[in-house]
Amino acid sequence: MTSRIDYSVWDHIEVSDDEDDTHPNIDTPSLFKWRHEARVERMEQFIKAGEDLEKGLAESKRKLTEAQKKTKNLASSATDDAKAELSKAQAEEKRLKKEERDWEKKLEDHRREEKKMPWNVDTLCKEGFSKSVMNVKPDVKEETEEQKEQKHKTFVEKYEKEIKHFGMMKRWDDSQKYLSDNPHLVCEETANYLVIMCIDLEVEEKKALMEQVAHQTIVMQFILELAKSLKVDPRGCFRQFFAKIKTADQQYQDAFNDELESFKERVRGRAKIRIERAMKEYEEEERQKRLGPGGLDPAEVYESLPEEMQKCFDEKDIAMLQTVITKLDPTEAKVHMKRCIDSGLWVPNSRADEGDDKEEDATYEELNKEMGEQKIE
């Protein structure tokens, strides 16, 4: 049976400089160190060249778009000056199209050269070789939302401790080494968990810790984005991210910092929404607990009462309430007392607990009698 794996790629792997034989008079450790530094420098230069090509292509596309707009505007104009300028604009558009193709060819050649580059200790993952890790684009199968949710849940249950540890790291070198030792963490599930972790910390008002975890979240997201742009498994390119970020120009650093600040603002916004939602839910729960037998909130009913009636309830003075009721319009009094009953502010015909003063019971009855037909059974 023919193997699906192309083992010819193994021919280009530089596993270790330490396997080379050297002359006994040569300081072997120093030689290996110099070779490694030279290789890392070549890698960084290669990455920088690729970034320059991408910038050049983007700028070329921008100029071409502007030229095409200019040509279109001149073509739609009937003035003599526009007709005279049209031929020049068309020539410029043609030139920019050729320039764009040249940039695309250079970038394509660069990417083709990247695929041919030998592997070494700085680009291999410790978990071993696989189709995905060896920069071969994996077969992507669309997952359902249920499958994604279950996959995330299973991953977090297994690696939650390791993800949290990565989230607390501060130094580039420490983060790179930890991912080298735990390459399975370089994935969407880790990034998603870190986002949730940031929001939780902001809700708990652990702001300094949130900002630290936010930094690591953007690290993971940048690695994932780099993998998408290179069309490789993230585990096969995270070292490239650290090589870029540690030696990058100011523009790349600014892009990372801008994304970090933007992310922290989004986290604060999400945390604020969560807190507001929790407060509303709590207030609604408390309101439901307060509702009287008729489904009305006693606090809301109290606020709607005339000041004289509010004072009666404040002082718990039934005689005063009786007097106030007799002074109100009968219809208005009936409405207020019905709302008081439905909210539980007033309980008609209630009997006090054993041992209460009988005079107080008589006062309740007297108030009900005074209300006459206004009484709500």
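A helix here is a DSSP run of H or I with at least four residues, a strand is a run of E with at least two, and both are numbered from the N terminus. The model is a predicted one, where local features need pLDDT of at least 70, side-chain atom pairs count only at pLDDT 80 or more, and totals for chains, interfaces and linings use all residues. Residues are numbered from 1 along each chain as its sequence is written, and side-chain values use heavy atoms, with hydrogens and water left out.

**Exercise 1. The whole chain**

Task: Work out which elements the protein chain has, and in what order they run.

Solution. 
- Start with the count: the protein chain has 13 helices and zero strands.
- Now walk from the N terminus, and you read α-α-α-α-α-α-α-α-α-α-α-α-α.
- Next, burial: of the 377 residues, 35% are buried (buried is under 20% relative accessible area, exposed is over 50%, partly exposed is in between, using a 1.4 Å probe and protein chains only).
- Last, contacts (heavy atoms within 4.5 Å): among those with a separation of 6 or more, 68% join residues 24 or more positions apart.

**Exercise 2. α3 and its two partners**

Task: Find how α3 is oriented against α5 and against α4.

Solution. 
- Axes are lines fitted to C-alpha atoms, for helices over the stretch in contact, and angles run from 0 to 180 degrees between N-to-C directions. Angles under 35 degrees count as roughly parallel, over 145 as roughly antiparallel, 65 to 115 as roughly perpendicular and the rest as oblique.
- Take α5 (residues 188–203): α3 (residues 145–167) packs against α5 at about 70°, and their axes are 9 Å apart. That makes α3 roughly perpendicular to α5.
- Check the hand: the crossing of α3 and α5 is right-handed (left-handed means the near helix is turned anticlockwise from the far one by less than a right angle, right-handed means clockwise).
- Sort the residues in this contact of α3 with α5 by class: eight are nonpolar, four polar and four charged (Ala, Val, Leu, Ile, Met, Phe, Trp, Tyr, Cys and Pro count as nonpolar, Asp, Glu, Lys and Arg as charged, and the others, Gly among them, as polar).
- Who takes part? Phe 155, Val 156 and Ile 163 are among the α3 residues, and Tyr 193, Leu 194 and Ile 196 are among those of α5.
- Now α4 (residues 172–181): its axis comes within 10 Å of the α3 axis, and the two cross at roughly 160°. So α3 and α4 are roughly antiparallel to each other.
- This time the crossing of α3 with α4 is left-handed. Glu 162, His 165 and Phe 166 of α3 meet Ser 175, Tyr 178 and Leu 179 of α4, and by class that gives three nonpolar, two polar and one charged.

**Exercise 3. α6 against α7**

Task: Say how α6 and α7 are oriented, and which residues meet.

Solution. 
- The axes of α6 (residues 207–230) and α7 (residues 238–247) come within 9 Å and cross at roughly 115°.
- The two helices are therefore roughly perpendicular to each other, and their crossing is right-handed.
- On the α6 side you find Val 219, Phe 222, Ile 223, Leu 226 and Leu 230, and they meet Phe 238, Gln 240, Phe 241, Phe 242 and Lys 244 of α7.
- Count by class, and this contact of α6 with α7 has eight nonpolar, one polar and one charged.

**Exercise 4. The two sides of α10**

Solution. 
- In α10 (residues 307–315), the buried ones are Met 309, Gln 310, Cys 312 and Phe 313.
- Look down the axis of α10: the buried residues fall within an arc of 155°, so they line one face of the helix (the arc is that of the directions from the helix axis to the C-beta atoms).

**Exercise 5. Leu 345**

Task: Is Leu 345 buried or exposed, or in between?

Solution. 
- Leu 345 sits in the loop between α12 and α13 (358–371).
- Its relative accessible area is 26%, so Leu 345 is partly exposed.
- Beyond four places in sequence, Leu 345 touches Pro 298, Val 301, Tyr 302, Leu 305, Phe 313 and Cys 340.
- Tyr 302 is 43 residues from Leu 345 in sequence, yet 8.0 Å away in space, C-alpha to C-alpha.
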